[in-house]
Amino acid sequence: MKILVPVKRVIDANVKVRVKSDQSGVELANIKMAMNPFCEIAVEEALRMKEAGHADEVIVVSAGVAQAQETLRTGLAMGADRGILIECENDPEPLAVAKLLKAICEKEEPGVVLLGKQAIDGDNNQTGQMLAGLLGWAVATFASRIEVSDDTFRVTREIDGGLEAVKTPRPSVITVDLRLNEPRYASLPNIMKAKKKQVDKYTPADLGVDISPRLEILKVVEPPARDAGVKVSSAAELVDKLKNEAKVI
Amino acid sequence: MSILVIAEHDNQELKPATYNAIGAALQIGLSAGEGAEVDVLVVGSDCKPVAEAAAAADGIRTVRVADSAEYANFIAENVAPLIVNLVSEYTHILVPATTFGKNILPRAAALLDVQQISDISSVVSDDTFIRPIYAGNAMATVKSSDSVKLVTVRTTSFEASADSGGSAAIEALDATGDAGLSVFDGAEISSSERPELTSADIVISGGRGMQSGENFAMLERIADKLGAAVGASRAAVDAGYVPNDYQVGQTGKVVAPNLYIAVGISGAIQHLAGMKDSKVIVAINKDDEAPIFQVADYGLVADLFEAIPEFEAALDND
């Protein structure tokens with residue numbers, strides 16, 4: 001089985017996001033970028049499936065600007081076998097990404113597509129579900145455990161009320177949640193090896209996909225600031241303030 | 001303008017998030033100055049009580065019910081075709097941005113070739129919405145050019161509509177059949193006598209500072225005195241102190257109670273994203289540099305293992 005792992009290049013999760021003064025978006029110039037943390041979890045799970053003998057090839061794919069190649073190299077350094085870059089002028093919207101990935105799935109015929117449940121930039125939480133819809137495949141979202149057998153996946157899903165399990169056939173799309181695993185760090189020898197691994201390049205036109213945006217971003221602003229309040233000196237004072245000043249208990 | 005709100009429920013009870021989504025639908029109607037006809041879709045199995053509850057909600061034209069075995073567990077592959085069948089009658093389809101809504105709506109959007117708008121927190125007009133991005137560190141105003149808008153609603157950002165006062169007609173829909181793909185294989189649903197995290201008036205949450213699951217009993221006692229729900233930071237869930245459904249934050253639940261008490265939580269941006277719209281925020285933490293104090297209305301710099309028993313005692317003394 002081949003495993004396809006779509007990955008996204010985003011602002012590093014530890015960097016403080018700043019809105020541009022012209023309100024056109026957030027500042028990306030000279031900002032540290034990294035693989036979306038949920039995508040790292042997906043790559044890790046794919047590698048573990050391969051190491052457990054369930055898969056023979058892990059392919060990382062990214063749709064985005066040319067620098068998304070660095071994100072692919074991160075995945076290759078973790079242990080993925082090869083990469084696919086779909087080079088776009090800007091980051092496509094989730095529906096467009098799903099269409100691009102569908103075209104790749106038709107070429108590669110993976111047994112499972114593993115991807116992060118959301119990217120920490122747009123926080124959309126759509127791409128995996130959309131891809132499954134376009135392919136007519138089963139989807140299991142928010143996975144915290146995946147058990148692989150010959151022709152099915154048993155996926156434990158984190159839902160608002162607790163946990164639930166679904167069995168999905170092969171092929172499936174599975175989106176991963178935080179507690180599925182802890183991604184490995186790439187070792188230096190693997191980082192060196194990753195530089196030699198194959199990365200194929202496509203454009204949306206090569207794949208016959210129109211990625212014109214459907215949403216126009218009119219403006220991006222800072223959220224309303226919340227002022228720091230007061231420090232109290234004791235739990236008794238706190239209870240008093242909550243009762244008599246804030247009147248919330 | 002006609003809007004379909006997809007109800008969230010467990011085949012027995014209508015979940016409160018549905019009323020917030022209806023509230024958002026009413027706002028979309030108001031934004032256009034003409035009001036909106038709002039229908040509710042109840043998709044489930046043996047879900048008649050849910051349909052009846054939805055029919056009693058204020059401001060609903062029709063409750064449309066698809067009651068069939070294949071919908072029992074809200075499998076996206078089974079639910080999405082039903083949404084697709086109904087879409088031509090509506091200008092907007094709304095669902096709460098919960099794990100239920102996030103799971104089903106993007107699939108329907110893809111089948112309809114529509115770019116969904118996720119997690120709206122405000123309505124500007126019938127095609128323009130504000131939504132948080134980057135864990136709420138920026139707010140984007142987006143305008144959709146799609147002919148129908150598929151939207152998930154940040155429930156804490158919209159007033160719930162009234163759950164009574166209406167008497168909508170209930171209409172049965174034909175089922176769309178089992179896609180034969182995902183098969184439900186059991187659930188572990190947490191049960192609690194306490195209010196639901198996302199709709200509680202008061203939430204008390206613990207972080208890594210709690211040091212163990214057993215210590216959450218201290219918070220539970222206070223929760224029971226205040227009628228509060230208990231939540232947690234990601235760190236506390238990752239450490240195994242409490243189950244995943246306690247998690248408040250960017251990737252967990254978004255809450256906006258009247259009072260949020262953060263105990264032993266440092267206040268990573270991912271946690272703040274899930275609670276900073278709370279009306280009053282209290283932080284109890286021994287590190288006076290903890291970022292949580294930057295958003296707290298009342299901060300108490302103290303060892304929680306001393307402060308929490310004192311807090312409980314002060315509640316009792318009154």
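Predicted model: local features only at pLDDT ≥ 70, side-chain atom pairs only at ≥ 80, totals over all residues.
1. By class, the side of domain 1 of chain B that touches domain 2 of chain B has two nonpolar, three polar and one charged residues.

2. On the layout behind that: domain 1 of chain B covers 2-172 and domain 2 covers 197-316, and their C-alpha centres are separated by 30 Å. Six residues of domain 1 of chain B touch nine residues of domain 2 of chain B. About 690 Å² is buried between the two domains, with 50% given by carbon and sulfur atoms. Ala135(B), Arg154(B) and Thr156(B) lose the most area on the domain 1 side, together 65% of what that side buries.

3. Now for the contact between the chains, which takes 85 residues from chain B and 78 residues from chain A. Here the buried area is about 6700 Å², and carbon and sulfur atoms give 55% of it. Gln115(B), Tyr134(B) and Tyr298(B) supply 12% of the area chain B buries against chain A, more than any other three residues.

4. Helix 4 (residues 99-111) of chain B gives the largest share of the side of chain B that touches chain A, eight residues.

5. A strand pairing also links the chains: strand 12 (residues 215-221) of chain A runs antiparallel to strand 8 (residues 138-144) of chain B, joined by six bridges. Within this pairing, Lys219(A) stands opposite Thr141(B).

Note on methods: Residues numbered from 1 in each chain as written. Chains lettered and ligands numbered in written order. Heavy atoms only, no water. Domains from an automatic or database assignment. Contact = heavy atoms within 4.5 Å. Buried area = accessible area lost by both parts, 1.4 Å probe. Nonpolar A, V, L, I, M, F, W, Y, C, P; charged D, E, K, R; others polar. Helix = DSSP H or I, 4+ residues; strand = E, 2+ residues; numbered from the N terminus. Pairing = 2+ DSSP bridges.
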